[in-house]
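Subject: Structure for you, with notes

Hi,

Here is the structure I promised to pass on.

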Amino acid sequence: MTKRELLAYAARVAPVAVPYLEGRALNLHRYPDGADSKGFWHKQRPAHAPDWLGEWDNPEADDGETTTYVVADEPAALVWAANFGALEWHPWTSRIEAPREPTYALIDLDPGERTTWDDLLVLARLHRTALDHLGVTARPKVTGRRGIQIWIPVVPGYSFDDTRVWVEKLSKTIGQVVPELVSWKWEVKERKGLARLDYTQNAINKTLVGPYSPRPAPGAPVSVPLTWDELDDPDLRPDRWTVRSVLDRLETKGDPFRVLLGAAQELPEIS
């Protein structure tokens, strides 16, 4: 995969991806020497960035913290990010006008060493059943690596503590159904290879990879939104789509996450 192909992909996917990035601080995972090299997080908008590139000054930044973030408000911003060596795009869960109010509750299904793909699908389908029972609009997304995420749009006014507590209650209820698949230990070595249903991602400036972002792995896989029914597709894999194939999918199937835009909802009580 060449840098030219990455730039072409960014330009073509940007109209679909930008609605999930606009109005949000953007954390960039940069690999300027390519995906085979060691990457690093870059959050500070560089001084050499063009004037047209969106920005946000964080009023709560302490000394040594990021003061100004990139905001990808237009397709050209993603092309700039790709040219800057950013192989991953991680938008904040909150918007810049209310950085302490998440617009999504996030469920991160994080597989362990012993977790098979079938195990992970069991966990994802249990979440599907639970969310459907609760009447909650949500959609899953393969990460392009091994995991699955579920994004839930929420109305303004929730704090990150609110969404974290709600997701924790939901996931722990589901975890009781299949305790043999899930560990609640924080340290990876203490999980004994089991999956973690990670509710701690619901925190300010803790980000998950954005929809349609590439991943720095062989073949340039992409994090791709799914319909719920696709969890039953025997050909589904977390890295099934790449920079070279996901645009064909978009052309034929559209964007399953589009239903989340404008679908902000209150989170129901979980008894």
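Below are the notes on strands, aromatic rings, charges over rings and backbone angles.

The model is predicted, so local features need pLDDT of at least 70 and side-chain atom pairs count only at pLDDT 80 or more, while totals for chains, interfaces and linings use all residues. Residues are numbered from 1 along each chain as its sequence is written, and side-chain values use heavy atoms, with hydrogens and water left out.

Strands first. They are DSSP runs (E, at least two residues), numbered from the N terminus. Strand 5 spans residues 86-91, and six of its six residues are buried (under 20% relative accessible area, with exposed over 50% and partly exposed in between, using a 1.4 Å probe and protein chains only). Its antiparallel partner is strand 1, residues 25-30, with five bridges between the two (pairing requires at least two DSSP bridges). One of the contacts joins L28 to W89 of strand 5 as bridge partners.

Now the aromatic rings. The whole structure holds eight aromatic pairs. Here, rings of Phe, Tyr and Trp (its six-membered ring) pair if their centres lie within 6.5 Å; planes under 30 degrees apart are stacked, over 60 edge-to-face and the rest tilted. W80 and F84 are a stacked pair, because their ring centres are 4.8 Å apart and their planes meet at 25 degrees. Both W80 and F84 are buried. Y104 and W151 are edge-to-face, since their centres are 5.1 Å apart and their planes lie at 65 degrees. Y104 belongs to strand 6 (residues 104-110) and W151 to strand 8 (residues 148-153), so this pair ties together parts 47 residues apart in sequence. Y104 is buried at a relative accessible area of 5%, and W151 is buried at 5%. Y104 and W151 also form one aromatic cluster with Y20 and F257.

F84 turns up again under the charges: the charged end of R30 sits over its ring, 3.7 Å from the centre. For R249, the charged end sits over the ring of W241, 4.3 Å from the centre. The criterion is NZ of Lys or CZ of Arg within 6 Å of the ring centre and within 35 degrees of the ring normal.

Which residues other than glycine have a positive phi? Among them are N205, near 65 degrees, and Y212, at about 70 degrees. N205 is in the loop between strand 9 (196-198) and strand 10 (224-225), and Y212 lies in the loop between strand 9 and strand 10. N205 counts as partly exposed at 24% relative accessibility, whereas Y212 counts as buried at 1%.

Best wishes

Terms used: Helix = DSSP H or I, 4+ residues; strand = E, 2+ residues; numbered from the N terminus.
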